[in-house]
Amino acid sequence: MPKTYSKLTIIIHWLSALLIIGMMASGMIGSKLATDAPLRLTLIKSHGTVGLIVLVLTALRIILLFTSKHPENLEMSSWRQQMFAWNHRLIYLVIAGLTLTGVGMLLTSSIGIAPLNISPDAIVDSLPRTIHGILPKVFLVLLIMHIGGVIHYQIKHGKTFARMGINRS
Ligand code: HEM
Ligand code: HEM
């Protein structure tokens, strides 16, 4: 078993983390601005463009999950191991859901997969839009648990950041 995740998994993890946190910010700030505010238009266009990049990275990541060797489970009680594993699985599921409902929103609004054509008033009410409004809140809870879990493990036992390419033992 390798001691760390594969190089590609590590690069995708940190690159996606940066982009997804940016997506949360652009989505949340954009949705609070007036529909005709110029900043809202800029934010929503970049949100859609970066969202498609996150979609590709997430697909690649799911492939890697099944094809690259992962380090063995961290040493901890079995219920904690289950919590860790479920947190990761649900993060994957919610990110996939966010990207797919994002695309779904564009398709139901007849914008097509052309993020630069998005304008806030063109988005119509639809099931993908409703789900896309709920999932960011679920994601925030999972992310707080994820960050809390890895920092807690790192402080108590070390190792976890080194497994994700940040060299602290
Ligand atoms: C949007 C943000 C993030 C997402 C979607 C995310 C997702 C994940 C996932 C799914 C894993 C399991 C490994 C894999 O399959 O790639 C993981 C592992 C890890 N993440 Fe994150 N993460 C995010 C942000 C962060 C942040 C901000 C930190 C640092 C505080 C962090 C630290 C770690 C560490 C240290 C591991 C390795 C856990 C282990 O030892 O097995 N992540 N992350
Ligand atoms: C990791 C991926 C994503 C995250 C974290 C994310 C997050 C968000 C958030 C927080 C909002 C504001 C929701 C609200 O409070 O009303 C939002 C809105 C929006 N997102 Fe995303 N999103 C993601 C992917 C995408 C993708 C792939 C697209 C399209 C290609 C997209 C298109 C939109 C649009 C058009 C809105 C405005 C919705 C409206 O006017 O009701 N998003 N997103």
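This is a predicted model: local features need pLDDT of at least 70, side-chain atom pairs count only at pLDDT 80 or more; totals for chains, interfaces and linings use all residues.

Visitor: Is Ser110 buried or exposed?
Guide: Ser110 counts as exposed, because it has 9 C-beta neighbours inside 10 Å, and the cut-off for exposed is 12 or fewer.

Visitor: And what is phi of Ser110 like?
Guide: Phi of Ser110 is near 55°, which is a positive value in a residue other than glycine. Lys159 is another case, with phi near 75°.

Visitor: Where does Lys159 sit?
Guide: Lys159 is in the loop between α4 and α5. Lys159 is partly exposed, since 15 other C-beta atoms lie within 10 Å.

Visitor: OK, let me zoom out. How many helices and strands does the protein chain have?
Guide: There are five helices and zero strands. Along the sequence, that reads as α-α-α-α-α.

Visitor: What about the overall dimensions?
Guide: Taken along the principal axes, the C-alpha atoms fill a box of roughly 50 × 30 × 25 Å. The protein chain has 169 residues, and 14% of them count as buried.

Visitor: Now the helix packing. At what angle do α1 and α2 pack?
Guide: The angle is about 150°, and the axes are 9 Å apart. α1 and α2 are therefore roughly antiparallel to each other, as the angle is over 145 degrees. The crossing of α1 past α2 is left-handed.

Visitor: What kinds of residues make that contact of α1 with α2?
Guide: By class, there are 15 nonpolar, nine polar and two charged residues.

Visitor: And what do the axes of α2 and α3 do?
Guide: Those axes come within 10 Å and cross at roughly 140°. That makes α2 oblique to α3. The crossing of α2 and α3 is left-handed.

Visitor: Which residues make the contact there?
Guide: From α2, Gly48, Gly51, Val54, Leu55, Thr58 and Ile62 take part, and from α3, Tyr92, Ile95, Ala96, Thr99, Gly102 and Leu106. By class, the contact of α2 with α3 has seven nonpolar, five polar and no charged residues.

Visitor: Let me change topic: ligands. How many residues surround ligand 2?
Guide: 28 residues surround ligand 2, and the closest are Gly27, Ser31, Gly51, Gly102 and Pro136.

Visitor: Which residues are closest to ligand 1?
Guide: Ala17, Ile20, Thr160, Arg163 and Met164 are the closest, out of 21 residues that surround ligand 1. At least two residues of this shell come from each of α1, α3, α4 and α5 (160-163). The largest share, six residues, comes from α1.

Visitor: What are the classes in the shell around ligand 1?
Guide: There are 14 nonpolar, six polar and one charged residues in it.

Visitor: Tell me about Ile20, then. Why does Ile20 count as buried?
Guide: Ile20 is buried because 21 other C-beta atoms lie within 10 Å, and the cut-off is 20 or more. Ile20 lies in helix α1.

Visitor: What is Ile20 in contact with, leaving aside its neighbours in sequence?
Guide: Beyond four places in sequence, Ile20 is in contact with Val54 and Ile95.

Visitor: Last one: where is His88?
Guide: His88 is in helix α3. With 14 C-beta neighbours inside 10 Å, His88 counts as partly exposed. The C-alpha atoms of His88 and Leu142 are separated by 8.6 Å, although these residues are 54 residues apart along the chain.

Visitor: Great, thanks for the tour!

Definitions and conventions
Residues are numbered from 1 along each chain as its sequence is written. Chains are lettered from A and ligands numbered from 1 in the order in which they are written. Helices (H or I, at least four residues) and strands (E, at least two) are DSSP runs, numbered from the N terminus. A residue is near a molecule or strand if its C-beta atom, placed from the backbone, lies within 6 Å of it. Axes are lines fitted to C-alpha atoms, for helices over the stretch in contact, and angles run from 0 to 180 degrees between N-to-C directions. Angles under 35 degrees count as roughly parallel, over 145 as roughly antiparallel, 65 to 115 as roughly perpendicular and the rest as oblique. A crossing is left-handed if the near helix is turned anticlockwise from the far one by less than a right angle, and right-handed if clockwise. Two residues are in contact if their C-beta atoms, placed from the backbone, lie within 7 Å. Ala, Val, Leu, Ile, Met, Phe, Trp, Tyr, Cys and Pro count as nonpolar, Asp, Glu, Lys and Arg as charged, and the others, Gly among them, as polar.
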